[in-house]
Amino acid sequence: METWIKVKGLEKKLDGFKLGPLDVEFESGTIHVIVGNNGSGKSTLFKQMMNLVTYDKGQIEVMGYSVDGKEESWKKKIAYQPQTLIGCVEFTGNQLQQIISPMYSNWDQSLFSRIVEMLNLPLDRKYGKLSQGVQQKLSIALTLARDTDILLLDEPTAHMDIPSKRLLMDLFVEWMERGEKLMVISSHQTEDIRKLADYLLLMRDGQLIGKYLKEDLSSSHKRYWLAQQLPVEKVPGEIERKNERMVVTSSAEEAESFFEARQINWLEAEALDIDEIVSYMLGGGRQ
Amino acid sequence: MELPIRMDKDSKTPIYHQIEEQVKALIAGGHLAAGSTLPSIRSLSKELEISVITTRRAYLNLEQQGFIKTTQGKGTFVAEVEADKKKEVTVAAIYQALERGIETGLRHDYTIEQIEEAFQEIITSFKAKEKEEVKKHGNLD
């Protein structure tokens, strides 16, 4: 594992919205899933990492190269998939493939054909005439086949049907095993978080709440049903209490020593689902 | 290739340790023969819904203890494990299961003596069952 993308002190002000300061690093061999409310700044961060949107302060480095517009050779190492492809409406899938493939020396034509077949993509129809879901599938085929070191995917499966999402999940796993790779995905899909994420990055209102190893989040968040009434004082890490018998904490270990020290017994302890944890952390409360 | 492994997310045993124990048990029980392929770290992580960091840790420990081996570019395989070592795993699993039972008793404020009594009762009923089986099917010679 090496650090392939470094974001340091990144800041940007835009029409009453402030992004950052953001400090985060992305390591090779891993999948990072960025989760955040709408308008939390996820897409802006992606665009900044691709040098498509400017920033006021800070710096971004991709594989040792500074992303500031002077030197652009690092772009060959990254494939970025925006939420909507711009300027493609008039082209068919076949034409897009002919335009994009020569730009990437690692272009894998057999992988492209396999994805096209697997997802049943009509390459002879104009991109603009396709449904949103099919547009996304085509754009994933065009992105994965570049076989770059880094993949940045901005909500790649948002409009897709369930069977296609599952197929893509397997494709992403397979892609990660082609070598030392880094994948950064923004997503609202619980399945992406459950099945793909090694690290979760939680964003809210332009701020990074934190970067977490998935299991660390799951093992620290627990719900307890107590045999006695809860004390008036707060339980360590307390996020919610109900009926004076149920409490949810983000620091299970400390909460347990707290209970033990006060001789409070619990009838049941339950780990929270990852989407429940995310809702708590993003301020949505219990689902 | 998938493994019949189940994580207990409510358990206090760390996830990587749960994987280790279950893979060892599968090998010791003969369900995974020497030479059979194990899933890649990434696909097992997807199945178990955990990070590759945790899965890698479990695989590294299993490799260090000689239960599996990884060949660059080919994948991960079950190693030849000596009969003694397999037996060790089985014995450890039995002890652990019994210990867990005793701990459950202690958590419910049973004394060691009470638990011992319960244990004797269970053993007696198992022995009785065994006798009945012998009666039904004749001598097990």
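This is a predicted model: local features need pLDDT of at least 70, side-chain atom pairs count only at pLDDT 80 or more; totals for chains, interfaces and linings use all residues.

Colleague: Fine. How many residues of chain B are in contact with chain A?

Modeller: 15 residues of chain B touch 23 residues of chain A, where contact means heavy atoms within 4.5 Å.

Colleague: And how much area do they bury between them?

Modeller: About 1500 Å², with 50% of it on carbon and sulfur atoms. Buried area here is the accessible area (1.4 Å probe) that two parts lose on being put together, summed over both.

Colleague: Which residues in chain B lose the most area to chain A?

Modeller: B:Arg42, B:Lys46 and B:Glu49, together 45% of what that side buries.

Colleague: How many salt bridges are there between chain B and chain A?

Modeller: Four, taking a salt bridge as a side-chain nitrogen of Lys or Arg within 4 Å of a carboxyl oxygen of Asp or Glu. In one of them B:Lys46 pairs with A:Asp170, and the closest N and O atoms are 2.7 Å apart.

Colleague: Which elements of chain B give two or more residues to that side?

Modeller: Helix 2 (41–48) and helix 3 (52–64) of chain B. Helices are DSSP runs of H or I, at least four residues, and strands are runs of E, at least two, numbered from the N terminus.

Colleague: OK, over to chain A. How many helices and strands does chain A have?

Modeller: Nine helices and 14 strands. The C-alpha trace of chain A spans about 70 × 40 × 35 Å along its principal axes, and buried residues make up 52% of its 287 residues. Buried means under 20% relative accessible area, exposed over 50%, partly exposed in between (1.4 Å probe, protein chains only).

Colleague: Is A:Arg223 buried or exposed?

Modeller: A:Arg223 has 3% relative accessibility, so it counts as buried. A:Arg223 sits in strand 11 (residues 222–226) of chain A.

Colleague: What does the side chain of A:Arg223 make a polar contact with?

Modeller: The side chain of A:Glu276, at 2.6 Å. A polar contact is a pair of N or O atoms within 3.5 Å; within protein, one must be able to donate a hydrogen and the other to accept it, and residues adjacent in sequence count only if both atoms are side-chain atoms.

Methods
Residues are numbered from 1 along each chain as its sequence is written. Chains are lettered from A and ligands numbered from 1 in the order in which they are written. Side-chain values use heavy atoms; hydrogens and water are left out.
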